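Welcome, and thanks for taking a look at this one with us. Please have the sequence and the 3D view open side by side as you read.

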Amino acid sequence: MIGRLNHIAIAVPDLAAAAAQYAGMLGAEVGPPQDEPEHGVTVVFVSLPNTKVELLYPLGPDSPIARFLEKSPSGGIHHVCYEVDDIHDARDRLVTQGARILGDGAPRIGAHGKPVLFLHPKDFNGCLIELEQV
């Protein structure tokens, strides 16, 4: 059901510093900051030959990333995103097998302009998983 790894998301306490580190120290191609109000984050995508890294920074105090950074002030891996062909089919198959979908279960539009949903980390070995329809 899942396809390729789309990105690994890392919550960061300083978005500009993290983006500069990836561009300067690691020589990566770093995109511009992009506000995603529906998700409460500002993101920067780091393009790699085989996938992307998504740097996440809170867009306000109510952001889930703000809460994540309260627990992990230095930042850290927040989630892993896999591609799926049909997000509704993937959701329905997962729910049938006992997986919990975060929120109301309806896909939302993600940072790439495509439908996404998140799977409860307690159902996947403590890892928050994002599915993105391609």
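Here is a short briefing on the pocket and the nonpolar cores. Please keep in mind that this is a predicted model. Its largest pocket has a volume of about 760 Å³, and its largest nonpolar core is made up of eleven residues.

**The largest pocket**

- A total of 37 residues line the largest pocket, and Pro64, His78, Leu102, Phe118 and Leu128 are the closest to its centre.
- Helix 2 (64–71) is among the elements that supply at least two lining residues each, and with five residues helix 2 gives the most to the lining.
- Strand 4 (41–47), strand 5 (52–58), strand 6 (76–84), strand 8 (115–119) and strand 9 (129–133) also supply at least two lining residues each.
- Sorted by class, the lining holds 17 nonpolar residues, eleven polar ones and nine charged ones.

**The largest nonpolar core**

- Its members are Ile10, Val12, Leu15, Ala18, Ala19, Tyr22, Ala28, Val44, Val46, Val53 and Leu55.
- At least two residues of this core come from each of helix 1 (15–24), strand 4 and strand 5.
- Helix 1 gives the most to this core, namely four residues.

**Val12 and its contacts**

- Setting aside neighbours within four places in sequence, Val12 is in contact with Ala18, Leu55, Leu56, Tyr57, Pro58 and Leu69.

**Another core**

Technical notes: Residues are numbered from 1 along each chain as its sequence is written. This is a predicted model: local features need pLDDT of at least 70, side-chain atom pairs count only at pLDDT 80 or more; totals for chains, interfaces and linings use all residues. Side-chain values use heavy atoms; hydrogens and water are left out. On a 1 Å grid over the protein atoms alone, a cavity is a set of points where a 1.4 Å probe fits but cannot get out, and a pocket is an open set with protein on both sides within 12 Å along at least five of seven lines; lining residues have an atom within 4 Å of a point. Grid points are joined across faces, edges and corners, and a volume is the space filled by probe spheres set on the points. Ala, Val, Leu, Ile, Met, Phe, Trp, Tyr, Cys and Pro count as nonpolar, Asp, Glu, Lys and Arg as charged, and the others, Gly among them, as polar. A nonpolar core is a set of buried Ala, Val, Leu, Ile, Met, Phe, Trp, Tyr and Cys residues joined through side-chain atoms within 4.5 Å. Buried means under 20% relative accessible area, exposed over 50%, partly exposed in between (1.4 Å probe, protein chains only). Contact means heavy atoms within 4.5 Å.
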